[in-house]
Each structure stands twice: as structure tokens, then as C-alpha cells.
Amino acid sequence: MIQSHPRISKAVIPAAGLGTRFLPATKATPKEMLPVVDKPAIQYVVEEAVAAGLDDVLMVTGRNKRPLEDHFDRNYELESALEKKGDADRLAKVQESSDLATMHYVRQGDPKGLGHAVLCAAPHVGDEPFAVLLGDDLIDPRDPLLKRMIEVQEQHGGSVVALMEVAPEQIHLYGSAAVETTEDSDVVRVSGLVEKPDPADAPSNYAIIGRYVLDPAVFGILRQTEPGRGGEIQLTDALQQLAADEKVGGPVHGVVFKGRRYDTGDRGDYLRAIVRLACEREDLGPDFRSWLRRYVTEEMQER
């Protein structure tokens, strides 16, 4: 029987990381503002939240992250200059980011990990379920993962994590989930989670990717969670407690994602994400794909 649970309306986007893997580019520019084709990565994430019906967005930031706030704010001088030029297309693109959602900001202060960043959202979220979107994972809008996760949470309550099957030798890069099947082919029951396990110790090759729908009970657990792997407060550790005792905050389910995901967390995958998205653009794709074919052919001939 389908149960009714509180409607989710708020999204939390942790964006306080230093972006050290992209130095020196991120010395003065937040990694979330690095362009993926012609939009900063963070805008794709906010657009995803809005497409899932979440237009109340809290961004958890840190030092030197002011450009994030500026990007989603109005820029009257630029808008006026574009309007005087009659450049309606670029004016619309500039205004789009400031009209996307109701944006809120809070500073994390101390970089104590993802769990601590989520805890910083507690005063804004209150006693409601909410979504968490990590900016390193861009999910193709043609594959509405977050919307499906919200459906599962509204049906079962508790929390929902996004899972993706990876090669066993890659599981040490992710959190890993122990799972049980359900009646829905794309939904599993999560019975345990481990943060970045050794491949031999991983409960499965289901990796947690950067989308969560969380019961507010997670805040109480996070307040009591000691630093774990890497000396940080791990969200995975708090979810493990929820999975172990559903009386605390309901069960934990996983949605198994098999769609298009663009990982912008490291330099190689960031470049691949740009190429893939550029190839699929109607305005850029045809010319770019032709150039790419010629380039690859010439490179293969030279080697």
C-alpha cells in the first residue's frame, strides 16, 4: 500500500570544498564555477533541483565562495548593457540563473566533511525531508534521477540514496551499500553502508553517487557522529545508523541509476563531460563533432 509522507520542497547543495584537484584554476575561482561548456557546473545542479520541483535551495559555502552568490544574483549593469545592445539571447541567459530558484546561503566555517556541511543546513530545513545534491555529479536532465528518488521517499518514508554499479576495483573511491531487492527493479533496500572500503571488504559494487533524499532525523545523528574516514564527519556513517535502525528515521532505500552521469570531480572526467555535453548541443554539436572526428583520426595516424 502506498503511504503518504511530507512533500519535499528544499534542496541543499554543499559547495564549501577547496577544489584542490583543479589548482591553480581554483586558487581564486570556486571549483563549482568552472564552466562546463558555457555554464558553471553549479548551475546544472540547481537546474536539476528545480526540475524535480525543489525551488527552495540552500547552498552551503565557505571562504572565497562569493562568486557563487553573485552568479545567482541580478547583475543590473550587465543586463542594462545587453539590453541597450538589443542582445536578447544573451540577456535571457544572464537572467536565467537569477530567476531559477529562491536561493539561500550559509557558511560551513570549518571544513569538517560532508556530514558537517549537511548539518549546517538544519536551521533552514527544519523538521522536513530534504534533498542533497553534490556538485561533482552532473545528472543528465533526460534521466530524472532526483524526481524518482523523491517518489520513492514519498512512498516509503525514511531516506533514499542514489546508487550506481561500478567495477569492483573502483568501489574504494565511493561509499558502498549492502542491499536487498524489492518489488521495484530500480529500488533496493539498504541494510548497511561503508565509506570508501577496500575492494575485498566492500559489501557490494553498488556505489553511492552524489544525490540523497534525507529524513530530518539525520541531523540528530550527525550531531553525535564522530569524525570517520579522513578525519571528517561522514554522511555515510550517519546513514549507516539510519539503515541499522529504521525506528530512528525510517528505512533507507536506494535508487539504482543507469542513466547518463557526468563526473566533474577530477580533471579527466571534467574534460570528458565537456566533450560529451558539447557534442549533444544543437548549436555546437554538428561542427564540434566534425572537428573531433578529424582530430581523433589525425592523432591515430600520427601514432
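Lys and Arg count as positive here, Asp and Glu as negative, and His and the chain ends are not counted. Each charge is placed at NZ of Lys, CZ of Arg, CG of Asp or CD of Glu. On that basis, the protein carries 36 positive and 50 negative side chains. The centres of the two sets lie 4 Å apart.

A word on the source. This is a predicted model, where local features need pLDDT of at least 70, side-chain atom pairs count only at pLDDT 80 or more, and totals for chains, interfaces and linings use all residues. Residues are numbered from 1 along each chain as its sequence is written, and side-chain values use heavy atoms, with hydrogens and water left out.

Now the overall picture. We have 12 helices and 13 strands. These are DSSP runs, numbered from the N terminus: helices are H or I, at least four residues, and strands are E, at least two. The C-alpha atoms fill a box of roughly 60 × 50 × 40 Å along the principal axes. Of the 303 residues, 47% are buried, meaning under 20% relative accessible area with a 1.4 Å probe, protein chains only.

Next, contacts, meaning heavy atoms within 4.5 Å. Take those between residues at least 6 apart in sequence: 76% join residues at least 24 apart.

Let's zoom in on Ser159. Where is Ser159 found? In strand 8, residues 159–165. Is Ser159 buried or exposed? Ser159 is buried, at a relative accessible area of 0%. Beyond four places in sequence, its contacts include Val213, Leu214, Leu239 and His253. Asp215 is another one of them. The backbone nitrogen of Asp215 lies 3.0 Å from a polar atom of the Ser159 side chain.

How values were computed:
Buried < 20%, exposed > 50% of the residue type's maximum accessible area, 1.4 Å probe, protein only. Polar contact = N/O pair within 3.5 Å; in protein donor to acceptor, adjacent residues only side chain to side chain.
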